[in-house]
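Colleague: I have a new model open and want to learn how to read it. Can we go through it feature by feature?

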Amino acid sequence: MKRIKIKDLLAHGEVGAKVTVKGWIRTFRSNRFIALNDGSTINNLQAVVDFENTDEDLLKRLTTSAAVAIDGEVVESQGKGQSIEIVVEKIEILGDADPDEYPLQPKRHSLEFLREKAHLRPRTQVMSAVYRVRNALAYGIHKFFNEKGFLYMHTPIITGSDAEGAGEMFRVTNFDPLNPPKTEDGEVDYKEDFFGKAVNLSVSGQLEAEVGAMSMGEVYTFGPTFRAENSNTSRHLAEFWMIEPEMAFYDLDDNMDLAEEMIKYLIDFAMEQCPDDLKFLDQRYAQEQKGKPQNERSDLGLLERLDFVSKNDFERLTYTEAIEVLKRSKPFKKGKFKYPVDWGIDLQSEHERYLVEKEYKKPVILTDYPKDIKSFYMKQNDDGKTVRAMDVLFPGIGEIIGGSQREESYDKLLTRMNEMGVPQEELWWYLELRKFGTAPHSGFGLGFERIVLFVTGMGNIRDVIPFPRAPKSAEF
Ligand code: ATP
Ligand code: MG
Ligand code: MG
Ligand code: MG
(Lines give C-alpha, C1' and ligand atoms only; values in the text may rest on other atoms or scores of the structure.)
(Ligands and ions follow the chains in the order given, each with its own letter.)
Protein backbone atom coordinates (compact mmCIF):
# COMPACT_ATOMS: atom_id res chain seq x y z
CA MET A 1 0.00 0.00 0.00
CA LYS A 2 1.16 3.49 -0.80
CA ARG A 3 2.01 5.60 2.19
CA ILE A 4 -0.28 8.51 3.01
CA LYS A 5 1.00 11.55 4.86
CA ILE A 6 -0.56 12.16 8.25
CA LYS A 7 -1.59 15.71 7.33
CA ASP A 8 -3.55 14.42 4.33
CA LEU A 9 -5.02 11.54 6.28
CA LEU A 10 -6.28 13.77 9.09
CA ALA A 11 -7.75 16.19 6.56
CA HIS A 12 -9.35 13.76 4.12
CA GLY A 13 -9.25 10.23 5.59
CA GLU A 14 -12.48 8.33 5.26
CA VAL A 15 -13.74 5.91 7.87
CA GLY A 16 -13.27 2.35 6.69
CA ALA A 17 -10.30 3.08 4.42
CA LYS A 18 -7.17 0.94 4.70
CA VAL A 19 -4.05 3.02 4.89
CA THR A 20 -0.29 2.86 5.41
CA VAL A 21 1.40 5.55 7.46
CA LYS A 22 5.05 5.96 8.36
CA GLY A 23 6.58 8.18 10.98
CA TRP A 24 8.22 8.51 14.37
CA ILE A 25 6.51 7.65 17.61
CA ARG A 26 5.93 10.67 19.82
CA THR A 27 4.46 8.72 22.70
CA PHE A 28 3.12 5.26 23.42
CA ARG A 29 0.60 5.16 26.27
CA SER A 30 -1.07 2.35 28.20
CA ASN A 31 0.45 -0.26 25.88
CA ARG A 32 -2.24 0.80 23.46
CA PHE A 33 -2.10 4.34 22.01
CA ILE A 34 0.62 5.41 19.65
CA ALA A 35 0.87 9.12 18.86
CA LEU A 36 2.54 9.09 15.48
CA ASN A 37 4.08 12.04 13.68
CA ASP A 38 5.70 12.25 10.26
CA GLY A 39 6.58 15.94 10.15
CA SER A 40 3.83 16.88 7.71
CA THR A 41 1.74 18.47 10.46
CA ILE A 42 1.99 19.35 14.13
CA ASN A 43 -0.92 17.00 14.82
CA ASN A 44 -0.23 13.41 15.73
CA LEU A 45 -2.18 10.51 14.37
CA GLN A 46 -3.49 8.18 17.04
CA ALA A 47 -2.88 4.54 16.16
CA VAL A 48 -4.56 2.06 18.45
CA VAL A 49 -2.71 -1.19 19.09
CA ASP A 50 -4.50 -4.40 19.96
CA PHE A 51 -1.96 -5.25 22.67
CA GLU A 52 -3.47 -8.57 23.60
CA ASN A 53 -2.73 -9.90 20.15
CA THR A 54 0.60 -8.19 19.67
CA ASP A 55 3.94 -9.72 20.36
CA GLU A 56 5.37 -8.50 23.67
CA ASP A 57 8.81 -7.87 22.21
CA LEU A 58 7.30 -5.65 19.57
CA LEU A 59 5.34 -3.68 22.18
CA LYS A 60 8.57 -3.01 24.06
CA ARG A 61 10.11 -1.54 20.95
CA LEU A 62 7.34 1.04 20.50
CA THR A 63 9.35 3.77 22.19
CA THR A 64 9.57 7.51 21.69
CA SER A 65 11.24 8.36 18.38
CA ALA A 66 11.31 4.83 16.99
CA ALA A 67 10.50 4.88 13.26
CA VAL A 68 7.59 2.69 12.25
CA ALA A 69 5.39 1.75 9.31
CA ILE A 70 1.79 1.00 10.19
CA ASP A 71 -1.01 -0.54 8.14
CA GLY A 72 -4.42 0.02 9.59
CA GLU A 73 -8.04 0.90 9.17
CA VAL A 74 -9.43 4.39 9.60
CA VAL A 75 -12.06 4.63 12.33
CA GLU A 76 -13.87 7.44 14.06
CA SER A 77 -11.84 8.72 16.96
CA GLN A 78 -13.08 8.17 20.50
CA GLY A 79 -10.75 10.79 21.88
CA LYS A 80 -11.19 14.54 21.99
CA GLY A 81 -9.92 16.94 19.35
CA GLN A 82 -9.44 14.58 16.47
CA SER A 83 -12.10 13.14 14.22
CA ILE A 84 -10.28 10.01 13.07
CA GLU A 85 -7.66 7.53 14.22
CA ILE A 86 -6.47 4.19 12.93
CA VAL A 87 -6.71 0.68 14.27
CA VAL A 88 -3.38 -1.04 13.78
CA GLU A 89 -3.40 -4.17 11.64
CA LYS A 90 0.30 -4.50 11.05
CA ILE A 91 3.23 -2.67 12.49
CA GLU A 92 6.82 -2.77 11.33
CA ILE A 93 9.72 -1.19 13.18
CA LEU A 94 11.92 0.61 10.70
CA GLY A 95 14.37 1.90 13.26
CA ASP A 96 14.55 1.45 17.04
CA ALA A 97 15.26 4.26 19.46
CA ASP A 98 16.66 2.87 22.70
CA PRO A 99 14.84 4.76 25.47
CA ASP A 100 17.86 4.52 27.76
CA GLU A 101 19.90 6.46 25.26
CA TYR A 102 17.43 8.63 23.38
CA PRO A 103 17.99 12.14 24.74
CA LEU A 104 14.63 13.79 24.07
CA GLN A 105 11.74 12.60 26.16
CA PRO A 106 8.15 13.72 25.61
CA LYS A 107 8.40 16.20 28.47
CA ARG A 108 9.23 19.74 27.53
CA HIS A 109 12.93 20.43 27.16
CA SER A 110 14.49 23.86 27.39
CA LEU A 111 15.30 25.49 24.07
CA GLU A 112 18.90 25.82 25.21
CA PHE A 113 19.10 22.07 25.67
CA LEU A 114 17.50 21.45 22.29
CA ARG A 115 20.08 23.67 20.58
CA GLU A 116 22.69 21.10 21.46
CA LYS A 117 20.59 18.48 19.69
CA ALA A 118 20.10 20.23 16.35
CA HIS A 119 19.88 16.82 14.64
CA LEU A 120 16.95 15.67 16.76
CA ARG A 121 15.17 18.87 17.73
CA PRO A 122 12.97 18.95 14.60
CA ARG A 123 11.18 15.95 16.12
CA THR A 124 9.79 18.17 18.87
CA GLN A 125 6.50 19.94 18.34
CA VAL A 126 7.88 23.39 18.86
CA MET A 127 10.79 23.12 16.44
CA SER A 128 8.82 21.34 13.75
CA ALA A 129 6.18 24.07 13.96
CA VAL A 130 8.87 26.72 13.60
CA TYR A 131 10.43 25.02 10.58
CA ARG A 132 7.10 24.68 8.83
CA VAL A 133 6.32 28.35 9.41
CA ARG A 134 9.81 29.20 8.17
CA ASN A 135 9.15 27.21 5.03
CA ALA A 136 5.81 28.97 4.46
CA LEU A 137 7.47 32.36 4.83
CA ALA A 138 10.19 31.46 2.32
CA TYR A 139 7.55 30.28 -0.12
CA GLY A 140 5.53 33.44 0.54
CA ILE A 141 8.50 35.63 -0.31
CA HIS A 142 8.94 34.10 -3.74
CA LYS A 143 5.21 34.18 -4.29
CA PHE A 144 4.86 37.83 -3.30
CA PHE A 145 7.64 39.08 -5.53
CA ASN A 146 6.80 36.91 -8.49
CA GLU A 147 3.16 37.96 -8.36
CA LYS A 148 4.41 41.55 -8.52
CA GLY A 149 6.58 40.83 -11.53
CA PHE A 150 9.92 41.03 -9.71
CA LEU A 151 12.74 38.93 -11.07
CA TYR A 152 14.54 36.59 -8.66
CA MET A 153 18.22 37.22 -9.08
CA HIS A 154 21.11 35.20 -7.66
CA THR A 155 23.84 37.41 -6.33
CA PRO A 156 27.33 36.08 -5.58
CA ILE A 157 28.24 34.53 -2.27
CA ILE A 158 31.96 34.93 -2.83
CA THR A 159 32.52 38.59 -3.54
CA GLY A 160 35.13 41.35 -3.40
CA SER A 161 32.72 43.98 -2.13
CA ASP A 162 31.92 44.89 1.45
CA ALA A 163 28.57 46.59 1.03
CA GLU A 164 28.26 47.67 4.62
CA GLY A 165 31.85 48.72 5.19
CA ALA A 166 31.47 47.47 8.74
CA GLY A 167 34.44 45.13 8.61
CA GLU A 168 32.30 42.13 9.47
CA MET A 169 33.39 39.96 6.55
CA PHE A 170 34.54 36.38 6.67
CA ARG A 171 37.49 36.15 4.33
CA VAL A 172 37.72 33.33 1.85
CA THR A 173 41.18 31.87 1.50
CA ASN A 174 42.44 29.04 -0.61
CA PHE A 175 45.87 28.96 0.94
CA ASP A 176 46.99 27.06 4.01
CA PRO A 177 46.36 29.43 6.92
CA LEU A 178 49.26 27.86 8.80
CA ASN A 179 51.60 28.56 5.94
CA PRO A 180 50.28 31.70 4.25
CA PRO A 181 51.95 33.61 1.45
CA LYS A 182 53.76 36.72 2.72
CA THR A 183 54.27 40.22 1.35
CA GLU A 184 57.76 41.70 1.20
CA ASP A 185 57.15 43.14 4.67
CA GLY A 186 56.47 39.69 6.03
CA GLU A 187 52.73 40.29 6.47
CA VAL A 188 50.14 37.74 5.37
CA ASP A 189 49.42 38.55 1.72
CA TYR A 190 45.69 38.41 1.56
CA LYS A 191 45.74 39.46 -2.09
CA GLU A 192 46.76 35.86 -2.69
CA ASP A 193 43.46 34.74 -1.23
CA PHE A 194 41.33 33.73 -4.13
CA PHE A 195 43.25 33.21 -7.32
CA GLY A 196 45.03 36.50 -6.76
CA LYS A 197 42.12 38.51 -5.43
CA ALA A 198 41.02 39.35 -1.88
CA VAL A 199 37.47 38.09 -1.42
CA ASN A 200 34.98 37.45 1.32
CA LEU A 201 31.61 35.84 1.92
CA SER A 202 28.79 38.20 1.03
CA VAL A 203 27.53 40.50 3.82
CA SER A 204 24.72 41.67 1.51
CA GLY A 205 23.66 41.10 -2.08
CA GLN A 206 22.54 44.69 -2.46
CA LEU A 207 25.26 46.16 -4.63
CA GLU A 208 24.93 43.37 -7.15
CA ALA A 209 21.11 43.51 -6.93
CA GLU A 210 21.36 47.17 -7.95
CA VAL A 211 22.89 45.95 -11.19
CA GLY A 212 19.70 43.96 -11.69
CA ALA A 213 17.43 46.90 -10.83
CA MET A 214 19.26 49.20 -13.22
CA SER A 215 18.52 46.90 -16.12
CA MET A 216 15.58 44.67 -15.24
CA GLY A 217 13.66 47.27 -13.23
CA GLU A 218 12.50 45.28 -10.20
CA VAL A 219 14.51 42.40 -8.78
CA TYR A 220 15.05 40.64 -5.48
CA THR A 221 17.65 38.36 -4.09
CA PHE A 222 17.12 35.90 -1.25
CA GLY A 223 20.31 34.22 -0.21
CA PRO A 224 22.68 33.30 2.59
CA THR A 225 24.49 36.20 4.18
CA PHE A 226 27.53 36.10 6.42
CA ARG A 227 28.70 38.49 9.07
CA ALA A 228 31.47 38.01 11.55
CA GLU A 229 29.33 39.34 14.37
CA ASN A 230 31.04 39.19 17.68
CA SER A 231 27.85 40.34 19.34
CA ASN A 232 26.21 37.49 21.16
CA THR A 233 22.62 38.66 21.00
CA SER A 234 19.28 36.99 20.47
CA ARG A 235 18.89 38.65 17.05
CA HIS A 236 22.29 38.13 15.39
CA LEU A 237 23.72 35.11 13.61
CA ALA A 238 26.99 34.74 11.73
CA GLU A 239 25.09 33.05 8.88
CA PHE A 240 21.58 34.21 8.10
CA TRP A 241 19.31 34.66 5.10
CA MET A 242 18.38 37.99 3.66
CA ILE A 243 15.68 39.15 1.26
CA GLU A 244 16.84 42.14 -0.74
CA PRO A 245 14.54 43.73 -3.29
CA GLU A 246 16.01 46.49 -5.41
CA MET A 247 13.85 48.69 -7.64
CA ALA A 248 14.51 51.29 -10.33
CA PHE A 249 12.31 54.39 -10.31
CA TYR A 250 11.28 53.97 -6.64
CA ASP A 251 11.76 56.76 -4.12
CA LEU A 252 11.84 56.24 -0.36
CA ASP A 253 8.05 56.43 -0.02
CA ASP A 254 7.61 53.72 -2.65
CA ASN A 255 10.25 51.70 -0.83
CA MET A 256 8.41 51.98 2.50
CA ASP A 257 5.11 51.09 0.88
CA LEU A 258 6.63 47.96 -0.62
CA ALA A 259 8.24 46.90 2.68
CA GLU A 260 4.97 47.32 4.56
CA GLU A 261 2.95 45.52 1.93
CA MET A 262 5.43 42.64 1.84
CA ILE A 263 5.44 42.11 5.61
CA LYS A 264 1.66 42.14 5.78
CA TYR A 265 1.44 39.71 2.89
CA LEU A 266 3.91 37.36 4.59
CA ILE A 267 2.04 37.39 7.87
CA ASP A 268 -1.29 36.69 6.16
CA PHE A 269 0.29 33.96 4.06
CA ALA A 270 1.80 32.21 7.09
CA MET A 271 -1.53 32.35 8.93
CA GLU A 272 -3.27 30.85 5.93
CA GLN A 273 -0.66 28.12 5.34
CA CYS A 274 0.11 27.13 8.93
CA PRO A 275 -2.99 27.61 11.10
CA ASP A 276 -2.29 24.59 13.32
CA ASP A 277 1.36 25.40 13.86
CA LEU A 278 0.55 28.99 14.73
CA LYS A 279 -2.19 27.92 17.11
CA PHE A 280 0.35 25.76 18.91
CA LEU A 281 2.94 28.55 18.92
CA ASP A 282 0.29 30.98 20.18
CA GLN A 283 -0.30 28.77 23.22
CA ARG A 284 3.40 28.40 23.79
CA TYR A 285 3.83 32.17 23.55
CA ALA A 286 1.05 32.73 26.08
CA GLN A 287 2.79 30.41 28.55
CA GLU A 288 6.12 32.16 28.04
CA GLN A 289 4.53 35.53 28.67
CA LYS A 290 3.16 34.34 31.99
CA GLY A 291 6.67 33.74 33.20
CA LYS A 292 7.76 37.31 32.48
CA PRO A 293 7.59 40.36 34.72
CA GLN A 294 4.46 42.45 34.09
CA ASN A 295 6.20 45.34 32.31
CA GLU A 296 7.89 43.03 29.82
CA ARG A 297 4.77 41.18 28.82
CA SER A 298 3.22 41.72 25.44
CA ASP A 299 -0.29 43.23 25.55
CA LEU A 300 -1.42 40.91 22.79
CA GLY A 301 -1.22 37.17 22.20
CA LEU A 302 0.81 35.93 19.24
CA LEU A 303 -2.11 35.49 16.85
CA GLU A 304 -3.68 38.75 17.98
CA ARG A 305 -0.41 40.51 17.35
CA LEU A 306 -0.03 39.04 13.87
CA ASP A 307 -3.56 40.04 13.05
CA PHE A 308 -2.99 43.55 14.37
CA VAL A 309 0.20 44.08 12.39
CA SER A 310 -1.34 42.79 9.21
CA LYS A 311 -4.33 45.14 9.50
CA ASN A 312 -2.87 48.43 10.71
CA ASP A 313 -0.66 51.06 9.16
CA PHE A 314 2.89 51.25 10.44
CA GLU A 315 3.94 54.49 12.12
CA ARG A 316 6.36 56.54 10.01
CA LEU A 317 8.60 59.25 11.43
CA THR A 318 12.09 60.62 10.99
CA TYR A 319 15.09 59.64 13.04
CA THR A 320 15.29 63.25 14.30
CA GLU A 321 11.69 63.07 15.56
CA ALA A 322 12.41 59.70 17.17
CA ILE A 323 15.34 61.15 19.12
CA GLU A 324 13.04 63.89 20.46
CA VAL A 325 10.47 61.27 21.48
CA LEU A 326 13.12 59.20 23.23
CA LYS A 327 14.41 62.25 25.09
CA ARG A 328 10.92 62.98 26.36
CA SER A 329 10.41 59.38 27.43
CA LYS A 330 10.16 58.08 31.00
CA PRO A 331 13.05 55.62 30.75
CA PHE A 332 15.28 58.40 29.44
CA LYS A 333 14.31 60.79 32.23
CA LYS A 334 14.73 58.08 34.84
CA GLY A 335 18.08 56.99 33.41
CA LYS A 336 16.74 53.53 32.55
CA PHE A 337 18.28 53.24 29.07
CA LYS A 338 21.60 51.43 29.11
CA TYR A 339 22.92 53.42 26.15
CA PRO A 340 22.84 57.24 25.92
CA VAL A 341 20.38 58.97 23.59
CA ASP A 342 21.50 61.92 21.50
CA TRP A 343 21.19 63.01 17.87
CA GLY A 344 23.82 61.12 15.95
CA ILE A 345 23.79 57.82 17.87
CA ASP A 346 23.04 54.52 16.19
CA LEU A 347 19.84 53.42 17.91
CA GLN A 348 20.13 50.35 20.10
CA SER A 349 17.58 47.58 20.34
CA GLU A 350 16.30 49.02 23.67
CA HIS A 351 15.53 52.37 21.99
CA GLU A 352 13.91 50.76 18.98
CA ARG A 353 11.79 48.53 21.16
CA TYR A 354 10.73 51.43 23.36
CA LEU A 355 9.39 53.29 20.30
CA VAL A 356 7.51 50.24 19.04
CA GLU A 357 6.29 48.66 22.24
CA LYS A 358 5.64 51.61 24.51
CA GLU A 359 5.30 54.77 22.47
CA TYR A 360 3.47 53.78 19.29
CA LYS A 361 2.37 50.22 20.06
CA LYS A 362 2.76 49.24 16.41
CA PRO A 363 5.57 48.70 13.92
CA VAL A 364 7.54 51.87 13.23
CA ILE A 365 9.47 52.99 10.15
CA LEU A 366 12.18 55.52 10.91
CA THR A 367 13.64 57.55 8.06
CA ASP A 368 16.36 60.08 7.35
CA TYR A 369 19.15 58.91 9.61
CA PRO A 370 22.40 60.81 10.17
CA LYS A 371 24.67 60.04 7.25
CA ASP A 372 27.63 59.20 9.48
CA ILE A 373 25.98 56.10 10.94
CA LYS A 374 24.78 54.79 7.57
CA SER A 375 26.47 53.30 4.54
CA PHE A 376 28.07 55.21 1.70
CA TYR A 377 25.50 54.31 -0.94
CA MET A 378 22.47 56.04 0.58
CA LYS A 379 20.99 59.10 -1.12
CA GLN A 380 21.99 62.30 0.63
CA ASN A 381 19.40 64.82 1.73
CA ASP A 382 19.82 68.52 1.00
CA ASP A 383 20.46 69.28 4.68
CA GLY A 384 23.95 67.83 4.28
CA LYS A 385 23.50 65.82 7.48
CA THR A 386 21.04 63.03 6.79
CA VAL A 387 20.41 60.34 4.21
CA ARG A 388 17.24 58.78 2.78
CA ALA A 389 17.47 55.69 4.95
CA MET A 390 14.66 53.68 6.46
CA ASP A 391 14.64 51.08 9.22
CA VAL A 392 11.55 49.04 10.00
CA LEU A 393 11.26 48.32 13.72
CA PHE A 394 9.21 45.53 15.25
CA PRO A 395 8.10 44.57 18.75
CA GLY A 396 10.27 42.13 20.64
CA ILE A 397 13.10 42.49 18.13
CA GLY A 398 13.83 46.04 17.01
CA GLU A 399 15.19 46.40 13.48
CA ILE A 400 13.97 43.84 10.98
CA ILE A 401 14.54 45.83 7.79
CA GLY A 402 17.21 48.31 6.78
CA GLY A 403 16.90 50.10 3.47
CA SER A 404 17.26 53.36 1.59
CA GLN A 405 16.91 55.27 -1.58
CA ARG A 406 20.29 54.87 -3.25
CA GLU A 407 22.54 57.74 -4.26
CA GLU A 408 22.12 58.13 -8.00
CA SER A 409 24.52 61.02 -8.58
CA TYR A 410 27.96 59.90 -9.72
CA ASP A 411 29.70 62.91 -8.19
CA LYS A 412 27.98 62.72 -4.83
CA LEU A 413 28.59 58.99 -4.59
CA LEU A 414 32.25 59.35 -5.47
CA THR A 415 32.74 62.13 -2.91
CA ARG A 416 31.05 60.06 -0.22
CA MET A 417 33.13 56.98 -1.05
CA ASN A 418 36.30 59.03 -0.74
CA GLU A 419 35.17 60.57 2.56
CA MET A 420 34.39 57.14 3.98
CA GLY A 421 37.45 55.41 2.57
CA VAL A 422 35.48 53.02 0.34
CA PRO A 423 37.87 51.73 -2.34
CA GLN A 424 36.83 52.87 -5.83
CA GLU A 425 39.10 50.39 -7.57
CA GLU A 426 36.90 47.56 -6.35
CA LEU A 427 33.57 49.27 -6.94
CA TRP A 428 34.28 50.86 -10.31
CA TRP A 429 31.39 48.91 -11.80
CA TYR A 430 29.04 50.18 -9.10
CA LEU A 431 30.07 53.75 -9.91
CA GLU A 432 29.57 53.13 -13.61
CA LEU A 433 25.90 52.38 -12.98
CA ARG A 434 25.70 56.12 -12.16
CA LYS A 435 27.61 57.07 -15.28
CA PHE A 436 25.48 55.28 -17.84
CA GLY A 437 21.77 55.93 -17.52
CA THR A 438 21.56 56.56 -13.81
CA ALA A 439 18.06 56.80 -12.31
CA PRO A 440 16.45 57.07 -8.89
CA HIS A 441 16.27 53.66 -7.27
CA SER A 442 15.71 52.12 -3.86
CA GLY A 443 15.81 48.86 -2.00
CA PHE A 444 15.98 47.21 1.38
CA GLY A 445 17.14 44.12 3.25
CA LEU A 446 14.83 42.03 5.41
CA GLY A 447 16.56 39.63 7.75
CA PHE A 448 14.68 36.41 7.09
CA GLU A 449 15.22 34.96 10.57
CA ARG A 450 13.91 38.17 12.13
CA ILE A 451 10.55 37.88 10.40
CA VAL A 452 10.48 34.18 11.35
CA LEU A 453 11.15 35.23 14.95
CA PHE A 454 8.26 37.65 14.86
CA VAL A 455 5.76 35.33 13.25
CA THR A 456 6.59 32.35 15.48
CA GLY A 457 6.89 34.39 18.67
CA MET A 458 10.19 32.70 19.47
CA GLY A 459 12.65 34.68 21.56
CA ASN A 460 16.05 33.66 20.23
CA ILE A 461 17.22 33.71 16.62
CA ARG A 462 19.10 30.45 17.20
CA ASP A 463 15.74 28.72 17.48
CA VAL A 464 14.36 29.72 14.10
CA ILE A 465 17.11 28.37 11.83
CA PRO A 466 17.87 24.65 11.56
CA PHE A 467 21.62 24.96 12.10
CA PRO A 468 22.53 28.20 13.84
CA ARG A 469 25.97 29.58 13.17
CA ALA A 470 26.89 31.79 16.08
CA PRO A 471 29.72 31.94 18.56
CA LYS A 472 29.68 28.71 20.61
CA SER A 473 27.17 26.94 18.40
CA ALA A 474 29.26 25.58 15.57
CA GLU A 475 28.95 21.92 16.49
CA PHE A 476 26.87 21.15 13.43
P1 ATP B 1 21.61 45.26 13.40
O2 ATP B 1 21.46 46.73 13.72
O3 ATP B 1 20.55 44.41 14.00
O4 ATP B 1 22.99 44.76 13.63
P5 ATP B 1 22.22 45.96 10.74
O6 ATP B 1 21.74 47.38 10.73
O7 ATP B 1 23.65 45.72 10.96
O8 ATP B 1 21.35 45.13 11.82
P9 ATP B 1 21.65 45.75 7.92
O10 ATP B 1 23.02 45.88 7.38
O11 ATP B 1 20.77 46.92 7.86
O12 ATP B 1 21.74 45.20 9.43
O13 ATP B 1 20.99 44.44 7.25
C14 ATP B 1 19.64 44.37 6.88
C15 ATP B 1 18.84 43.42 7.74
O16 ATP B 1 19.51 42.15 7.87
C17 ATP B 1 18.67 43.87 9.17
O18 ATP B 1 17.61 44.79 9.27
C19 ATP B 1 18.38 42.58 9.89
O20 ATP B 1 17.03 42.21 9.74
C21 ATP B 1 19.23 41.57 9.14
N22 ATP B 1 20.48 41.26 9.84
C23 ATP B 1 21.59 42.02 9.89
N24 ATP B 1 22.57 41.42 10.58
C25 ATP B 1 22.06 40.22 10.97
C26 ATP B 1 22.59 39.12 11.70
N27 ATP B 1 23.84 39.13 12.13
N28 ATP B 1 21.80 38.06 11.92
C29 ATP B 1 20.53 38.04 11.45
N30 ATP B 1 19.97 39.04 10.75
C31 ATP B 1 20.72 40.13 10.50
MG1 MG C 1 24.69 44.95 12.49
MG1 MG D 1 21.07 48.49 12.49
MG1 MG E 1 20.42 48.29 9.32
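Colleague: What should I know about the model and its numbering?

Modeller: This is a predicted model: local features need pLDDT of at least 70, side-chain atom pairs count only at pLDDT 80 or more, and totals for chains, interfaces and linings use all residues. Residues are numbered from 1 along each chain as its sequence is written, while chains are lettered from A and ligands numbered from 1 in the order in which they are written.

Colleague: How many residues of the protein chain count as buried, as a percentage?

Modeller: Burial is a count of neighbours. A residue is buried if 20 or more other C-beta atoms lie within 10 Å of its own, exposed if 12 or fewer, and partly exposed in between; C-beta atoms are placed from the backbone. Here 38% of the 476 residues are buried. The C-alpha atoms fill a box of roughly 85 × 55 × 45 Å along the principal axes.

Colleague: And contacts?

Modeller: Two residues are in contact if their C-beta atoms, placed from the backbone, lie within 7 Å. Take the contacts with a separation of 6 or more: 67% of them join residues 24 or more positions apart.

Colleague: Which strands make up the closed barrel?

Modeller: Pairing comes first. Two strands pair if DSSP finds at least two bridges between them. The closed barrel has five strands, E1-E2-E3-E5-E4, with mixed pairing. Its neighbouring strands are turned by 55° against each other on average, direction ignored.

Colleague: Which residues pair inside it?

Modeller: E1 (residues 18–29) and E4 (residues 67–76) run antiparallel, joined by seven bridges. Val21 is bridged to Ile70, and Trp24 to Ala67. On to the next pair: ten bridges join E4 to E5 (residues 84–95), again antiparallel. There, Glu73 has Val87 as its partner.

Colleague: Where does Pro106 sit?

Modeller: Pro106 is in the loop between E5 and helix H3 (111–115). It is partly exposed, because 15 other C-beta atoms lie within 10 Å. Leaving aside neighbours within four places in sequence, Pro106 contacts Arg26, Thr27 and Thr64. Thr64 is 42 residues away along the chain, yet the two C-alpha atoms are separated by 7.5 Å.

Colleague: How do I read a nonpolar core?

Modeller: A core is a set of buried Ala, Val, Leu, Ile, Met, Phe, Trp, Tyr and Cys residues joined through C-beta atoms within 7 Å. The largest one has 83 residues; Val133, Leu137, Leu266, Ala270, Ile451 and Val455 touch the most other members. Helix H4 (residues 125–147) gives the largest share, ten residues. Apart from it lies another core of 19 residues, among them Leu9, Leu45, Leu62 and Val88.

Colleague: How many residues of H14 are buried?

Modeller: Nine of nine, for residues 448–456. Among them are Phe448, Arg450 and Phe454. Gly457 follows H14, with a positive phi near 75°.

Colleague: Which residues come nearest to ligand 1?

Modeller: A residue is near a molecule if its C-beta atom, placed from the backbone, lies within 6 Å of it. Of the 16 residues around ligand 1, His236, Phe240, Gly402, Gly445 and Gly447 come nearest. E15 (398–405) gives the most to the shell, with four residues. H14 also supplies at least two.

Note on methods: Axes are lines fitted to C-alpha atoms, for helices over the stretch in contact, and angles run from 0 to 180 degrees between N-to-C directions.
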